[in-house]
Amino acid sequence: MKRPSCGSLRASDAGKHAELCGWVHRRRDHGGLIFVDLRDRDGITQIVFDPARAAFREAEHLRNEDVVCVRGAVRDRPAGTGNERLATGAVELAVEELEVLNRSLVPPFQINVEERPDESLRLQYRYLDLRRARMQRNLTIRHRIVKAIRDFFDERDFIEIETPLLIKGTPEGARDYLVPSRLYPGSFYALPQSPQILKQICMIAGFGRYMQIARCLRDEDLRADRQPEFTQLDVEMSFCTQDEVLETMESSMRYVWKRVLDVDLPAFVHLTYTQSLERYGTDKPDTRFGLELAVVNEIFASTDFVVFKSAIESGGAVVALRYPGGGALSRREFDALTEEAKRAGAKGMVWIALGEDGIKSSAQKFIEERHAREIAQCIAAERGDALLLFAGERDATLSVAGKMRVEIGRRAGLRREDAYAFCWITDFPYLEIDAETGKPVPAHHPFTEPARGEWEMIERDPRAMRAQHYDMVLNGYELGSGSIRIHEAGRQRRIFEMLGMTPEQIEDQFGFFIRALEYGAPPHGGMALGIDRIAMLACGEENLHEVIAFPKTQTARDLMMDAPAPASEKQLRELRLTVTPPARG
C-alpha cells in the first residue's frame, strides 16, 4: 500500500492509522503537548506528541529539518483549531511511534518562512533553498509545462529526436563552449548553442515534424532572464508556411496555459517589427497595457525650439508618451522623471502638464496650447495627464520612449501582474549592425529565408531586405524566435558570401550542411521557445533562478559545486593542454 504524503490526509481519513515521512518544518511546545508541522514535497501535516507516549521524549529533541518517520492515528483536530490554509488542516496525526532517520545541522537560513534569503547563500546551499515551498511549487509547475508541451506535440504527430551535445562549432551570434578532445589532441568539440543545423538535417532526413526539449549552452554575459546553459522547446516542420508555424506554436502555448494554469489565452496580437518599434519603442513590447507612443514631427514642423527642430531636420523624431494622472506632478517630481529618462538613454525630456488650472511645460516658451492639444489628441491624453516628449535619432528616441513607457506603466499601476499578453512580431530586417564590429550580421541567423520577392535585394540593397523571421513575446520578454529556412544549397551559399565568408570558410564551417541541402532538402521552418522563460512568467517570477533547479550566478559560477574549477595536471597532460595564467593588472 502506498504511504500517504504529508499533504494527502483529509477529514475522511480520521480513525485510520498512517505512516508519514518528512522534514520537521516547525516545532511548538504547548501545554504539555508537542506539535510538529511535518513537511514533504506534497504539503504539511500537523503531528502531535502526547507525554504519555514514549515518542514524546524523543520529540523534545527534534529540530527544524530533522528527517523523521512517524506512525499513529489520524484524528479530527479539536473544534476551532483547524487550519484552512492547509489542505490537511482538518486533521492531525497522534504519534505513537517516532523514528529519527537523520539529524540536521542548523540551516544557514530559515526554510519555513516566505522571505527569500541572500541570493549567494541560496545558491551555495541550493539543496536547502529547493526545500522552500515556493521553489517546490515553481519546479512542479515547470515539470507540468514540459509534460504538457510533449503531450501537445505528440498529439500532432511530432517525433522527439535527441541531438548530440558534442558537435562542431558553428557561428550563431554567441561564443561557443569548447570541449578539448583527448583522442584528437589540439581539436575541440563545441557544445551546441542550439540544435539549429541538426534539426534542419532532420527535415532533410524526411522526419517531417521534429521537436525536442533541448539543452543549449552559450558563453555570453548573463542577465536576469538569461543563463549560460538553458532549456528550449525546439520545433521544425517540413512543407510549411510561416502562418502554419505560427499557428502550431501559438496553439502549443494555448494548450500549456489551459492545462497547467487553467487560463484561456486570447488570440495573440500580430505586429510587424516596424509597428512594434513605432507603437512601443521595442521589438519586445509589454502589451498588458496601452500607452502607445506617437511620432509627432508634423505638430512641430515649424517650431523654433532647437532641440525638436534639429531632430526633425536630421531625419530623427519627436516622440510623445502619455503619463496618466501625471499632470499633478510637481516640478521636482518632473525633474526626477527627467533624470530617469536620462538613465534610459535620453539626452533630455520635455514635459507638458495638462492641469486643471491650465497647461504648464518645461519648455513653456516653445510649447503652445495648440501643440499640447494636438499631441493630446494623438495619444488620447486627458485633463490631469502629462505629456512626455523625447527628441533625437529616430530609433534611439523610440527606444528611450519605450523604456519610459514601461516605467510609466509601472508607476501608474497599469500593468496587471496576473495577465498574460502574448504577441507575434514579424517582418524583421534580414541584417543588423553588430555593435562591436560595425559589420552587418543576420538579425536571426544565416539559415533564414529572406522575405518573399526580396532575394534580388541581396545584390542592390541587402540592408533593406526583410526576413521570414518571427518572434513570440510575452509580457515584454522574448520567449523565442523562428524562421522559414533556406532549403536550396545555392541560396544558402550566396547568403554566406553576402556575409563576407570566403569559399574556404564556407567549406570549413558549413560544407557538410551545404552538401546535405544538395540532396533534396524540402522547404521547412521552425522555432525555438525558452522553457526557462516560459516557466518564469507562468510562475509570476522575475528571475530565472526561481525556476531552474541549479542555476549559475551573474558571473556564470556554480556556488554550490564551486565551478568552474581548475583542471588537474594529469587531466591537462592527457589533453595536451597548457594553461596560461591571466595577466595581472
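Where does R576 lie? Answer first, then some notes on the rest of this predicted model.

1. **The residue after α16.** R576 sits in the segment that follows α16. Its phi is positive, about 55°, although R576 is not a glycine. With a relative accessible area of 65%, R576 is exposed. As background, most residues other than glycine have a negative phi, and most peptide bonds are trans.

2. **Another positive phi, in another setting.** N475 is also worth a look: phi there is near 55°, again positive in a residue other than glycine. This one belongs to the loop between β20 (469–474) and β21 (477–484). Is N475 buried or exposed? The relative accessibility of N475 is 8%, and the cut-off for buried is under 20%, so N475 counts as buried.

3. **The cis peptide.** Check the bond between A563 and P564, which is cis with omega about 5°. P564 is in the loop that runs between α15 (531–538) and α16 (569–575).

4. **Overall picture.** Stepping back, the protein has 16 helices and 22 strands. Its C-alpha trace spans about 90 × 75 × 60 Å along the principal axes. Buried residues account for 48% of the 585 in the protein. The exposed surface comes to about 29900 Å², with 49% of it supplied by carbon and sulfur atoms. On contacts, take the ones between residues at least 6 apart in sequence: 67% of these join residues at least 24 apart.

5. **Helix α5.** How many of the 9 residues of α5 are buried? The count is 7, so this helix (residues 196–204) is mostly covered. The buried set is Q196, I197, K199, Q200, C202, M203 and I204. Just after the helix, G206 takes a positive phi of about 95°.

6. **α7 against α11.** Two packed helices are described by the angle between their axes and the distance between the axes. For α7 (residues 273–280) and α11 (residues 394–411), the angle is about 60° and the axes are 8 Å apart. The two helices are therefore oblique to each other. On the α7 side the contact uses L277, E278 and Y280, while α11 brings R394, L398, G402 and R405. Sorted by class, that contact has 3 nonpolar, 1 polar and 3 charged residues.

7. **Cysteines.** How many disulfides does the structure hold? The number is 0. Two cysteines to look at: C378 is partly exposed, at 49% relative accessible area, whereas C539 counts as buried at 6%.

8. **R41.** Look in the loop between β2 (33–40) and β3 (43–49) to find R41. R41 counts as exposed, with 71% relative accessibility. R41 and A190 are 149 residues apart in sequence, and their C-alpha atoms are 38 Å apart in space.

Definitions and conventions:
Residues are numbered from 1 along each chain as its sequence is written. This is a predicted model: local features need pLDDT of at least 70, side-chain atom pairs count only at pLDDT 80 or more; totals for chains, interfaces and linings use all residues. Side-chain values use heavy atoms; hydrogens and water are left out. Axes are lines fitted to C-alpha atoms, for helices over the stretch in contact, and angles run from 0 to 180 degrees between N-to-C directions. Helices (H or I, at least four residues) and strands (E, at least two) are DSSP runs, numbered from the N terminus. Angles under 35 degrees count as roughly parallel, over 145 as roughly antiparallel, 65 to 115 as roughly perpendicular and the rest as oblique. Contact means heavy atoms within 4.5 Å. Ala, Val, Leu, Ile, Met, Phe, Trp, Tyr, Cys and Pro count as nonpolar, Asp, Glu, Lys and Arg as charged, and the others, Gly among them, as polar. Buried means under 20% relative accessible area, exposed over 50%, partly exposed in between (1.4 Å probe, protein chains only). Accessible areas come from the Shrake-Rupley method with a 1.4 Å probe; for residues, only the protein chains shown count as cover. A disulfide is a pair of cysteine sulfur atoms within 2.5 Å.
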